[in-house]
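Reader: I've got this one open on my screen and I'd like to talk it through, one question at a time. Where do we start?

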Amino acid sequence: MEEVEDHLRAAAFAGRVRLTPDQIPDCATAYWGSRDAVNWTRNGIPVTRWQSDAVSFAISYASNHPPPPGNGDKDPYSNFEEL
């Protein structure tokens, strides 16, 4: 679980996914819950490269869970101190 969260944080920091730091734990939990932890399959297909699958999930998650108003255009990753 922590590895998924770390990967999503890095993807968000790199700009590949639009998640705020506060959204990352919830997104990682939702991703983990959406996978069969025994077989790690998606639609019956084994997920061998979960990292790209997690980013795809996070892109969808971000579009369905926009950040709260008031964040404006501020980049949540502009200040490393907050992380």
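Reader: Let's start with Phe57: buried or exposed?
Author: The relative accessible area of Phe57 is 19%. The cut-offs are under 20% for buried, over 50% for exposed and partly exposed in between, using a 1.4 Å probe and protein chains only. By that rule Phe57 is buried.

Reader: Before we go on, what kind of model is this, and what is left out of the side-chain values?
Author: It's a predicted model: local features need pLDDT of at least 70, side-chain atom pairs count only at pLDDT 80 or more, and totals for chains, interfaces and linings use all residues. Residues are numbered from 1 along each chain as its sequence is written, and side-chain values use heavy atoms, leaving out hydrogens and water.

Reader: How many aromatic pairs are there in the whole structure?
Author: Rings of Phe, Tyr and Trp (its six-membered ring) pair if their centres lie within 6.5 Å; planes under 30 degrees apart are stacked, over 60 edge-to-face, and the rest tilted. A search of the whole structure with that rule gives a count of two.

Reader: What sort of pair do Tyr31 and Phe57 make?
Author: The ring centres of Tyr31 and Phe57 sit 5.4 Å apart. Their planes are at 65°, so the pair is edge-to-face.

Reader: Which helices does that pair link?
Author: Helices here are DSSP runs (H or I, at least four residues; strands would be E, at least two), numbered from the N terminus. The two residues are 26 places apart, so to speak from distant parts of the chain, with Tyr31 in α2 and Phe57 in α3.

Reader: And Phe57 with Tyr61: what kind of aromatic pair is that?
Author: Phe57 and Tyr61 are 6.4 Å centre to centre, with 25° between the planes. They're four residues apart in helix α3, which means about one helical turn separates them. The pair is stacked.

Reader: Which residues does Ala58 contact, leaving aside neighbours within four places in sequence?
Author: Contact means heavy atoms within 4.5 Å. On that basis Ala58 is in contact with Leu8, Val17, Leu19 and Cys27.

Reader: Over to α1: how far apart are its end C-alpha atoms?
Author: The expected span of a helix is 1.5 Å times one less than its number of residues. For the twelve residues of α1 (residues 2–13) that should come to 16 Å. The prediction agrees, since the end C-alpha atoms are apart by 16 Å.

Reader: Which helices do the buried residues of α1 pack against?
Author: Those buried residues are Val4, His7, Leu8, Ala11 and Ala12. The packing partners are α2 (24–34) and α3 (50–64).

Reader: Which backbone oxygen does the His7 side chain reach?
Author: A polar contact is a pair of N or O atoms within 3.5 Å; within protein, one must be able to donate a hydrogen and the other to accept it, and residues adjacent in sequence count only if both atoms are side-chain atoms. His7 lies in helix α1. At 3.2 Å, its side chain reaches the backbone oxygen of Gln51.

Reader: What arc do the buried residues of α2 cover?
Author: In α2, Ile24, Cys27, Ala28 and Tyr31 are buried. They're on the same side of α2, because around the axis they cover an arc of only 100°.

Reader: Last one: which backbone nitrogen does the Gln23 side chain reach?
Author: Gln23 lies in the loop between α1 and α2. It counts as buried, at 10% relative accessibility. At 2.8 Å, its side chain reaches the backbone nitrogen of Thr20.

How values were computed
The arc is that of the directions from the helix axis to the C-beta atoms.
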